[in-house]
Amino acid sequence: MSSVEESLENMQGARADHADRSRVAPPRVAPPRAGLGILESERLRWAEWTISCLDNRGTARPGHEELVALASCLEARSLQRGDLAFGEGGQDAAVWIVRSGRLELAVREQERSVILQILRAGGIDGDIQLLLGVPFTYRARALESSECLTLTADAFDGLLTEHPRIARLWMAGMAERLSLSYERIVGMLSRSLSQQSARLLLDESHAGVVDVPQQTLSEMLGVCRPSLNKVLKEFERLGLIRLRYGAVDILDHYGLAQRAD
C-alpha cells in the first residue's frame, strides 16, 4: 500500500472514530465543511502545498499524521473579482492561504484607501490575528478570480495545540514573514522616492512584469500618483522599464536594482 493510500485509509478511520467521540464532546479541530465535493487525495495535495508554502528553510517536515490532520480541516474558498475575503474589525476570523489569483490588503484612511500589500499564490494572512486574539485592522478584496484555502479559528488552534511539528513550522514561517516586512519598512524609511519605487517594482515583479496599476503602486508607497509617475517616466527614459496600461515591464533588472540601493 502506498503512503498516500495509507494516509487516506487512516483519514477515513480517524473520521469514523471522530464521529463516535463527537457524541460526547465537541472536536478540538473543526471538520471539513459538508458537501465540499472534493476527493480526499485532493485534500492531501492541498495540505502538502500548504506545508511547502511554510517550509522555506528546509525545516523538518511534518509526518503523515500531521499531513492528514491539516488536510482534514482545510476549506476551499473561491472569490470573484471584487469579492471581500474579510473586512476591518471582522470577528469571523480565519487563516487565509492564496492558491491562485491576488488579494489586495488595504485600510481606509479618511476618504481614500491605502494599499498595504498584495497577496499572491502562497501568501498567508490571518494567523497573527488569531494568535493574538485581535480583529483585522484592514480588509482583503480579490483583484481577480482567486482560489484560497482557509482554516477556521478552532481548526488552527487545534492544529497548533495537538501537532507540535506543524506549530513549529508555522511559527518559523510566520516569523520569516514578519522579518521581511520589518526589513522592508526600515528600508523604505531611509530611501528616496526613486529608491523606494525601484525596490517596490522589484518586490512586486513576477517573470519581469509588475501587473499592478500605477494608482495602486502610488498607494502602496503612500505618495500621490503624479510624483510616482515622474519617477517611472525617468526609469523608462533610462531603459529600465516599459510602462503600459495597468502594468510595468522590467527591462533591466540589474539596473533597477542599482537604483534601489
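Student: Which residues are linked in a network of salt bridges?
Tutor: In this predicted model, the network of salt bridges links R102, R120, E144, E204 and D211.

Student: And how many salt bridges are found in the whole structure?
Tutor: A search of the whole structure gives 12 salt bridges.

Student: Let's stay with R102 and E144, then: what is the N to O distance there?
Tutor: The side chains of R102 and E144 form a salt bridge with an N to O distance of 3.2 Å. R102 sits in the loop between β3 (94–100) and β4 (103–109), while E144 sits in the loop between β7 (139–142) and β8 (146–152), so this pair ties together parts that are 42 residues apart in sequence.

Student: Is R102 buried or exposed, and why?
Tutor: R102 counts as buried because its relative accessibility is 11%, and the cut-off for buried is under 20%. E144, with a relative accessible area of 30%, is partly exposed.

Student: What about D211, where does it sit relative to R102?
Tutor: D211 and R102 also meet through their side chains in a salt bridge, at 3.7 Å from N to O. That pair links distant parts of the chain, since D211 lies in the loop between β9 (209–210) and α8 (214–221) and R102 in the loop between β3 and β4, 109 residues apart. D211 is partly exposed, at 30% relative accessibility.

Student: Switching to the sheet with β9 in it, what's the strand order?
Tutor: That is an open sheet of 3 strands in the order β9-β11-β10, and the pairing is antiparallel. β9 and β10 (241–244) stand at the edges with a single partner strand each, so one side of each has no neighbour in the sheet.

Student: Over how many bridges do β10 and β11 pair?
Tutor: β10 pairs with β11 (residues 247–250) over 4 bridges, in the antiparallel sense. Within that pairing, R242 has D249 in β11 as its bridge partner.

Student: Which side chain does D249 meet in a salt bridge?
Tutor: The side chain of D249 meets that of R244 in a salt bridge, with 2.8 Å from N to O, whereas the bridge partner of D249 in the strand pairing is R242.

Student: Are those two, R244 and D249, buried or exposed?
Tutor: D249 is buried, with a relative accessible area of 8%, and R244 counts as partly exposed at 43% relative accessibility.

Conventions. Residues are numbered from 1 along each chain as its sequence is written. This is a predicted model: local features need pLDDT of at least 70, side-chain atom pairs count only at pLDDT 80 or more; totals for chains, interfaces and linings use all residues. Side-chain values use heavy atoms; hydrogens and water are left out. A salt bridge is a side-chain nitrogen of Lys or Arg within 4 Å of a carboxyl oxygen of Asp or Glu. Helices (H or I, at least four residues) and strands (E, at least two) are DSSP runs, numbered from the N terminus. Buried means under 20% relative accessible area, exposed over 50%, partly exposed in between (1.4 Å probe, protein chains only). Two strands pair if DSSP finds at least two bridges between them.
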